[in-house]
Amino acid sequence: MRLVGLDMSISEQHGGVIRSLSAAILIASGVGIVGAPAQAQSSPAMIEEVVVTGSRIPRAGFDTMLPATVLNAEFLEARGFTNVADALNEIPAFGIPGSSTEGTQSAFSVGQSFVNFFGLGSQRTLTLVNGRRFVSSNAPTIFSDGSPGLQVDMNVLPSSMIERVETVAVGGAPIYGSDAIAGTVNVILKDDFEGFEIGGSWGDQVSERDLRERQLDLIWGANFDNGRGNVVVAFQYNDRDGLIASDRKHLARGWQFREPAGESEFTRVLVPEGTANIVSRGGVVTPGDFLVPNLGIGAVGAEADGTPFFRQFGPDGSLVPYNVGSPTGNAVWSIGGEGIFLPDLENLFTPIERRIVNGFTSYELTSNIEVFGELLYANTTAAELIDQPAYQSGLFGEDSFALNFQSDHPLLTPTAQQQLAELGLDDFWLHRASVDLGERRTDQELHLFRIVGGLRGDFTIADRNVGWEVYYSRGESDSDTRQLELVSDRFFYALDVVNTADGPACRVVADPGSRPDDPAAGFGTTLPQAIFDDCVPLSLFGNGAPSAEAIDYVTANATSKTQITQEVYALNANMGLFDLPAGELSIAAGYERRNESASFDVGGLATLGLGRSVGIGSTAGGYKTDEFYAEFYAPVVSPGMDIGFAHSASIEGAFRTVKNSLAGRDEAWTIGGRFAPVADVEFRGNVTRSVRAPAITELFLPLSGTFSFANDPCDARFVDQGPNPSARRANCITDGIADPDSFVSNVANASVQGVTGGNVGLENEKADAWTAGVVLRPRWIAGLTMSVDYVEIELEDAIESFTLTQIMESCYDQDSFPNTFCDQFSRQANGQLPPVAAFQSGFVNAGSRDFKAWMAEIDYSTSLSDLGLFSGVNNPGSLDVTMSLYFPRKDLTLIQQSETDRHGQPNQNKRQGQLNLRWHRDAWSVLWQTRYLGKAVIDNNDTPTSRDIRTLDAVWLFNAGVSYEFNENIRFQLNMNNVFDKKPEAAAIASGWDNAYDNIGRYLRGTVRIRL
């Protein structure tokens, strides 16, 4: 069982410089982000033909109809990024990551970072490396931060080897296949390098002197056989420390939204020091099995004025006063006191250590045939610094229920026994958070190996050049996880203590006849007799009371192993088919065979549920796809045709058929084009159908236990929300909640156990999308390009595993009551959900999502001497300016009767932007970055009286960097993030949105790079 301290209204919502390329992106020397809309300013003969993301047809520059953004190596270095995920997450169009090393991570995704294009779910962003699919590291289990899918862990990609990162909205599915519903991220690595380069960096939080990060990278490359071949080898080492939430003063305030204790017009108000007073570290003593101090339940006596008092075990084992804090209107949470303070038990940043080896080689077998190969090996180790402890409380169930002891228990001190007698207690109940029973942290180590080998070349047919490539790739991702668990049967054996001539001993040791015949029979296994013989008495009477020997006896490591394998066989070809008046009609076609398989195996401790977690089932499965695609590019009008009000025009499209061995056959396609009436203005757009295949978790997950919180629709806080508040209220009353205005559901604060499972009958997700935009290149302002694009995506048959909130909302928000959703959860006589067997869920094609957004880009480069303001200055340098704006207009998810509107919340701020200014002069370069996150609504479901603070203020974040090149071989750089030390506001922390902003504070990084 777990406690949640954040506002439950979001607990289940699972978040050059930069030049966006909209239509045509030049590979230019600019600030670092190469803008797509730019048009070639030089002669076409000087523009190298390249293959761009979203197309396999070579063309001059980045000539594409799709809105896109490119981050080049120069910008990544200028910002001091050590991880490509950090760079992508700064782009306004990327949402809160699906998995990140910031915040508490699930046990089986520790140390992993996924990206989330448009905030539509990390499983709907396709990540490529050098234009090819890359093996996932996302464990096939529901106990992972990332939604089920083939997400790529960005931590395994070497930042020092990145040539550029291309992101394309929407249109990648017909070219690359499944998963590119939101978009495609293509990480291009340096595969042709000469020389030797060494770099090192050191990062440190300025005021707290923590979260230190160290990085070393080496790159060596050389040509051989008179330039016919090249080999590149690179090594990168990165090590970053971790933090817990209370390491930051703004988080250590423990801000929460809680029900007010007195009269208030608001259902919830912002309070500091939110503390769960239903348990304490030393253990609270009560005469009955419930402790709810805010309701006066569990007191052992009363003062002369009638004020109830409470007692807990102190460190010396005696009873001492228990400060329950100031009550809120919530049964669990108080303000202050000595209960459990979650910032002390929550991770802020996961420490991670990364070792990456990367290699490339190529060799010209003939003048038109080249063999190539790639190798990548990554080893990452990460650990959660802390986790929530095992709880004993009357509000929890089964093994986590409060413990009953006799007042003459052998491990009680004489003082405590006397105090209990004075309180008139022959027996008592103990409510405890056992933070002293070992570190319940998770350690994970990942080994990832990937090879690519193939041939590429060209030949001529009928005077037409044909380019081709055939390759094979194999990737394997193996991860091992270890987590310390409290073994339940040993725990209770160790608590059952009797006096013997030799002192206190476990009953199963002192009296062998008390031993059960088969203590694990109910779990389908047997346990060795040593489990009894080795028993060590366990004292829970005071924080720190358990002995080291007792802790060793009652705890054990729960282990798991994940193995994911990907194989791809591919053949691609492209050629010019024939000449049109405006140019050559080009086509590309190809075939891809892909095998995906994964297994998730857990040890017996976790499988049998012998710890405090639910039994976790192993998952294994796989599927194969056969995919064919074809693509065309047709220039319709060229500038040389000299047609009035038709400067240029082109049409392009692609079609892909995907035959999945489980999900069946589906098609993805796109059609679009560009039209420029004059050289200064170009319109472009496309229509696309995309698909996402069911993930192995969604298909093969066995019926497994799971824990969940929920926003109970019948709770006073939520009863007037939803699409049909009147029906919700009426249905809650019909279901036995006589007075919803006073009903407080425990499931908002304490998780309950249910079951969920996979579904081999799932179909592909399908999305229809279209984009439309305009690119402006005014000839009278040299170096300026601007673009505006509109994106709309409608997702159907979305694969969802209903959350408990969604199940309950679908039950109570319908006019027909009861309905089938009401059968998927249960209530007790008092209206509360039972701690166990509370609900059942599973994966189904039952969701839809409607997303709309505007994107705008500005890209401007100039020599300052060309500006009148600096005309009299000798060598004022040059300036590069890029701006990226993102304005989501709609983000609505509908799952049966449960509606989630993210538009305007911090995961979809209505206005977001990034401005990059970079000044160059001789050996100096200065970067100033401004990031803007607009005003946000905490929760769109809130009513005017839901909380006293309903919105979050707009936030400005500033980052800076300066570099100096001592000579052509040595460069030094200094970066400072969050220059003005901006912290998330209290309401953002209380509602769980703080990770959308900056929790680190002012951070300094120094980098030295030497090239020989």
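Me: Given that pLDDT is the predictor's confidence in each residue, from 0 to 100, what makes residues 520-526 stand out in this model?

Reply: Over residues 520-526 the pLDDT stays under 50, and for them the model has 9 contacts (heavy atoms within 4.5 Å) beyond four places in sequence. The model is a predicted one, in which local features need pLDDT of at least 70 and side-chain atom pairs count only at 80 or more, while totals for chains, interfaces and linings use all residues. Residues are numbered from 1 along each chain as its sequence is written, and side-chain values use heavy atoms, leaving out hydrogens and water.

Me: What is the mean pLDDT of the chain?

Reply: The mean is 88, and 92% of the residues reach 70 or more. Over residues 8-47, however, the pLDDT is below 50, although this stretch has 178 contacts in the model beyond near neighbours in sequence.

Me: Why is strand 31 called largely enclosed by the rest of the structure?

Reply: Buried means under 20% relative accessible area, with over 50% being exposed and partly exposed in between (1.4 Å probe, protein chains only); 7 of the 8 residues of strand 31, residues 427-434, are buried, so the rest of the structure largely encloses this strand. A strand here is a DSSP run of E of at least two residues, numbered from the N terminus.

Methods
Helix = DSSP H or I, 4+ residues; strand = E, 2+ residues; numbered from the N terminus.
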